Amino acid sequence: MSLRMLWRKSVNIIMLSLTGLCALVAVSVLFFILGYLVYHGGRDVNWDFFTKLPKPVGEAGGGMANAIVGSGKLLLIAALFGVPVGLLGGVYLAEFGGRAVPFVVRYTADLMNGVPSIVIGIFAYALVVMPVHHFSTLAGGFALGVMMIPIVLRSTEEFLHAVPRSLREGAMALGASKWRTISSVVLPAASRGILSAALLALARVAGETAPLLFTAFGNRFWSPGWSQPTASLPVMIFTYAVGPYDDWHRQAWAAGLVLLGLVLVTNIVVRAVLSRGASPQRS
Amino acid sequence: MATAPSTAAAAGLPWGPRALVRRARSGDEIARLITLVFALVVVLIAVLLVYQLWTNSAQARHRFGLSFFWNTTWDPVAGQFGALTFVYGTLVTSALGLLIAVPLGLGAAIFLAELAPRRLSDNLTFLIDLLAAVPSVIYGLLGVFILVPLMRTEIQPALKRILGFTPLFQGPAYGIGLLTAGLVLAVMIVPFIISVSREVLLAVPGDQREAALALGATRWEATWRAVVPYARTGIMGSIFLALARALGETMAVTMVIGNNPTISPSLFSPGYSIAAVLANEFSEATGNLYLSALVELGLVLFLLTFVLNGMARLLILLTTGRGTAERT
């Protein structure tokens, strides 16, 4: 074997192992994150964390009950706003669209998907907070909903397209109108996929902090109704992590663990369900 | 169905008693209109977003004009607002992030697309997708409590010993600063580069690879000389996409960049980014000019990511043939 061949072979081995190393490094980050969160936050995820309000500044103890409920309320509004718009818009793109309008809608949706979340926050601030002059749960939920729309829209379209043509034809052959076909045959056939996509979108916005900073703001107490500022888990993590108290840092770790746990479990369950036969064959 | 007339009217469609009867007779037409209205909501939101950013930044735009971009003073008390330090911090941290993330992400993507057995590749990709789902505030949390102390006590002193003669690695090791922010950004954008690049590499026709192998190329040579160049435009697209993410990334950067509006050649020095200043000052901005200057920063950020995303999608469209806006 010539020297040159030897050189080429060793370059081959070295570079190929390097790519493997890159993959290993990238994946191991996930385990580092999980490991650190469990190590630092595990002890503080206790009953108090879920049931108590934050203690006054500087006092030890307390929990994040209000932030957990606040996050739930924000996500509820986001889902109520984002899912119907995304879903029905997706139905239009997949079932009724011509050429020009769907192109514009898709392009806009993709670009909206790439808009930094903090800019969405400014938008919600200008649209919802400024007219009424105070921060509110509603404004935060609106911001998160705006972020959900493009995701739900595009995945609804994908899943509707994946429904076999024969199903549609079967329904049409029985004399069903187009709308009847869509609502009672196509949508149910794609429902698992669409539901999964909506859940993934929720999981994504559940961790968003930036758009909440000046819409939902924060609150150290319960936030009754929908027009008061409210605490939320991600914002609490931010506030507590950059704050000066050790007790806050411990609680930030605990909240981080809870938040990441929720996000990852949702992702894993949804993706498992999706890959287990819910991905319909293309016609 | 009861809402059909009002929504159709709101959409500005032709409307009259006769048209009403005609449309009502076929439910399809009503369904089409309703769904069309919802699809157009997306466009409406985008238009409103641009409109709000534009009008709310009017005061600052008129007051400072283009000098907004090369003025370094950010003094809310004196009413002087210049964006240069923030633009600098945003660009430097994003560039650092890309510098680290591109080789790492591309390497991992090559491994996943070309080398790993399908099962392993799918499982690893699943983990990478999970990584992409980790909220940015979590990265910030780990950045503040794990990476910053590590940078202060280990990495920055070591860099100073080895590369301290360059202006880039001088000054006190605070732990926080541009370098740390760049590092966190790198970790955050790697999953995006990997998953898009992997898709693009998988879309390269097998002939390309086999032809190179048949000519006697080693596995690596076939990959690097035949497959990667073929996917070049798509990989560029993934990098643009990642860059757009990095530019707009807020929480993690805010937590580790140091939040100090200075321009210093050293990467150790604390800096400030556009997104970070928005996160820190927006809710406490007093006075219209201050708010308007912040909104203008948001507008700049929006336009930057808008252009980058548009270009990225075009590039990915060119290689995979199934870009985002065009359905096949």
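1. In this predicted model, 75 residues of chain A are in contact with 72 residues of chain B. On the chain A side, the elements that give two or more residues to this surface are helices H1, H3, H4, H5, H6, H8, H9 and H10 of chain A. H1(A), which spans residues 3-41, supplies the largest share, 18 residues.

2. The side of chain A that touches chain B has 54 nonpolar residues, 13 polar residues and eight charged residues.

3. One helix pair across the two chains can be described in detail. H3(A), residues 65-96, packs against H3(B), residues 27-56, at an angle of about 115°, and the two axes are 7 Å apart. H3(A) passes H3(B) in a left-handed crossing.

4. The residues that H3(A) brings to this pair are Val85(A), Leu88(A), Gly89(A), Val91(A), Tyr92(A), Leu93(A) and Phe96(A). They meet Arg32(B), Ile34(B), Thr35(B), Leu36(B), Phe38(B), Ala39(B), Val41(B) and Val42(B) in H3(B). By class, the residues of this contact are 12 nonpolar, two polar and one charged.

5. Turning to chain B itself, the chain has 14 helices and two strands. Of its 328 residues, 50% count as buried. Among contacts in chain B between residues at least 6 apart in sequence, 75% join residues at least 24 apart.

6. Chain B is divided into two parts: domain 1 covers residues 4-56 and domain 2 covers residues 83-320. The centres of domain 1 of chain B and domain 2 of chain B, taken over C-alpha atoms, are separated by 40 Å.

7. H9(B), residues 206-214, and H10(B), residues 219-230, have axes that come within 9 Å and cross at roughly 150°. H9(B) and H10(B) are therefore roughly antiparallel to each other, and H9(B) passes H10(B) in a right-handed crossing.

8. From H9(B), the residues in this contact are Gln208(B), Arg209(B), Ala211(B), Ala212(B) and Leu213(B). Their partners in H10(B) are Glu221(B), Ala222(B), Arg225(B), Ala226(B), Val227(B) and Tyr230(B). The contact of H9(B) with H10(B) divides into seven nonpolar residues, one polar residue and three charged residues.

Definitions and conventions:
Residues are numbered from 1 along each chain as its sequence is written. Chains are lettered from A and ligands numbered from 1 in the order in which they are written. This is a predicted model: local features need pLDDT of at least 70, side-chain atom pairs count only at pLDDT 80 or more; totals for chains, interfaces and linings use all residues. Domain bounds come from an automatic or database domain assignment. Two residues are in contact if their C-beta atoms, placed from the backbone, lie within 7 Å. Helices (H or I, at least four residues) and strands (E, at least two) are DSSP runs, numbered from the N terminus. Ala, Val, Leu, Ile, Met, Phe, Trp, Tyr, Cys and Pro count as nonpolar, Asp, Glu, Lys and Arg as charged, and the others, Gly among them, as polar. Axes are lines fitted to C-alpha atoms, for helices over the stretch in contact, and angles run from 0 to 180 degrees between N-to-C directions. Angles under 35 degrees count as roughly parallel, over 145 as roughly antiparallel, 65 to 115 as roughly perpendicular and the rest as oblique. A crossing is left-handed if the near helix is turned anticlockwise from the far one by less than a right angle, and right-handed if clockwise. A residue is buried if 20 or more other C-beta atoms lie within 10 Å of its own, exposed if 12 or fewer, and partly exposed in between; C-beta atoms are placed from the backbone.
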